[in-house]
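Thanks for asking me to look this one over. Here are my notes, point by point, to read alongside the model.

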Amino acid sequence: MSAIDPSRLLQMRSSILNQNQALQRAAGQGGIGGGANAEGAPDFGAAINNALQQVNAQQSKASQISEAYERGDTHDIVSVMIERQKASLGFETTLQVRNKLLSAYRDIMNMPV
């Protein structure tokens, strides 16, 4: 292995920081979260919280429309099934994001220092 060149390392760090700032600006222009911290940068926690609230709202809506169908208040089975599929997809997506986050966390924790 060759020796690490400090100037090259600083150049790579600067490039990564510039890319990160560009991504944060792009996410702030209509990203999923909409939350921002004191510096105006998108907040990951707020984005996840917002997404979970949307999934929860979709689950509640699907539950309400299913109950209305079971009571006989509505006879539109198509809208019931569509809402249930939307809720199911939202839940599956949330589950997959959680799995990826846990996998990334494990990878980071297993990195040698």
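Predicted model: local features only at pLDDT ≥ 70, side-chain atom pairs only at ≥ 80, totals over all residues.

1. Sorted by class, nine of the residues lining the largest pocket are nonpolar, five are polar and two are charged. That lining comprises 16 residues in total, and the volume of the largest pocket comes to about 340 Å³.

2. Which helices supply the lining? Helix H2, spanning 44-71, and helix H3, spanning 77-109, each give at least two residues to the lining of the largest pocket. H2 provides the largest share, with eight residues.

3. Stepping back to the overall fold, the protein has three helices and zero strands. Followed along the sequence, the pattern reads α-α-α.

4. How much of the protein is buried? Of its 113 residues, 12% are buried, which here takes a relative accessible area under 20%. The protein exposes about 9,300 Å², and 58% of that area is supplied by carbon and sulfur atoms.

5. One last item concerns contacts along the chain. Taking contacts between residues at least 6 apart in sequence, 29% join residues that are at least 24 apart.

Key: Residues numbered from 1 in each chain as written. Heavy atoms only, no water. 1 Å grid on protein atoms, 1.4 Å probe; cavity = no way out; pocket = protein on both sides within 12 Å on 5 of 7 lines; lining within 4 Å. Points joined across faces, edges and corners; volume = space filled by probe spheres on them. Helix = DSSP H or I, 4+ residues; strand = E, 2+ residues; numbered from the N terminus. Nonpolar A, V, L, I, M, F, W, Y, C, P; charged D, E, K, R; others polar. Buried < 20%, exposed > 50% of the residue type's maximum accessible area, 1.4 Å probe, protein only. Contact = heavy atoms within 4.5 Å. Areas by Shrake-Rupley, 256 points an atom, 1.4 Å probe, with all protein chains shown as cover.
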